[in-house]
Amino acid sequence: MLPQYERLVDGAASDTGPGGYAASGTGGVGSLRRSKFRVRFGRLAVATVMLPVAGFLFCVIWSLLYNFEQANATHCLVYNFLPSLSAAIGNYQPQRFVWQFSVLFHAPFRYAIAFLYKNHHLTLLSRKHRKEWAYLACILNIIELSSLVGLSLWTSSNNYEIHKICFSAFVICSIIYMYLVVLINRITRTEELLTLAERKSLRYKRRLLLVNVASIMFAVYFFVRHNNHCEPGIYSLFALSEYVFVYSNIGFHMTAYWDFINAHVYFHWRTGIHFSAV
């Protein structure tokens, strides 16, 4: 059942709030409130983001406890103390199952948020005549998430080529998406007019973008240095840079909590999923 983002209408004219989800005040909200299940967007966002956070942490810890030698082995045969992202999530069980479960289970909600953000960005860009940026951001977000699903299903141990393509697409699309979102907010909003939650969201977006870009640059540096010099521990620093990249990416998407802080998600067995500002 595909998510629906338009407001349910009870015969009254409908108003929409920022982001393209329903605003309060008329009969449509009454229909939403009579939905079978209602939950605050923030709670659902936290629960969703905790899946990959906890899943990835489990994979790293389990690999260190039970697959230390295998997970840290490289072609250089030097000592390392942290497994790479690919080794931690895809080379061993039960890590592979836990990671795939956490990614696949949280993906549908992430796809829904991508379209919610498309409507949100269309609203922000309506006066700038740059609506194509909203569609581009949505496409990048979907490719990023699809690449994450792909690199989780096709691991480096069972299909390295597909894993490599998906990982590259994930890195490139996520960085471009994050930069584009920060740019959209910068050209469409005046900081003095933002709410406290909106200011916090934009501040964290900027910081996490910088951390994300810095971490991938460090990862490339340590990866090249490891392959050229085979120094002990350098590959683990590459792995640590990957961890920072992953968690800064998750943190960036978590700022949706503040962007839609007053929103609710409504579930109904007939009409699907709806987002409302009330």
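This is a predicted model: local features need pLDDT of at least 70, side-chain atom pairs count only at pLDDT 80 or more; totals for chains, interfaces and linings use all residues.

Visitor: How many aromatic pairs does the structure hold?

Guide: Rings of Phe, Tyr and Trp (its six-membered ring) pair if their centres lie within 6.5 Å; planes under 30 degrees apart are stacked, over 60 edge-to-face, and the rest tilted. Here there are 19 aromatic pairs. One of them joins Phe56 and Trp99 edge-to-face, at 5.9 Å centre to centre with 65° between the planes. That pair links distant parts of the chain, 43 residues apart: Phe56 is in helix H2 (residues 41-66) and Trp99 in helix H5 (residues 95-124). Helices are DSSP runs (H or I, at least four residues), numbered from the N terminus.

Visitor: Is Phe56 buried or exposed?

Guide: Buried means under 20% relative accessible area, exposed over 50%, partly exposed in between (1.4 Å probe, protein chains only). Phe56 counts as buried because its relative accessibility is 1%. Trp99 is buried too, at 3%.

Visitor: Which residues form one aromatic cluster?

Guide: Phe41, Phe109, Tyr117 and Phe260 do.

Visitor: What lies over the face of Phe252?

Guide: A charge sits over a ring if NZ of Lys or CZ of Arg is within 6 Å of the ring centre and within 35 degrees of the ring normal. In this case Lys205 lies over Phe252, at 5.9 Å from the ring centre.

Technical notes: Residues are numbered from 1 along each chain as its sequence is written. Side-chain values use heavy atoms; hydrogens and water are left out. Helices (H or I, at least four residues) and strands (E, at least two) are DSSP runs, numbered from the N terminus.
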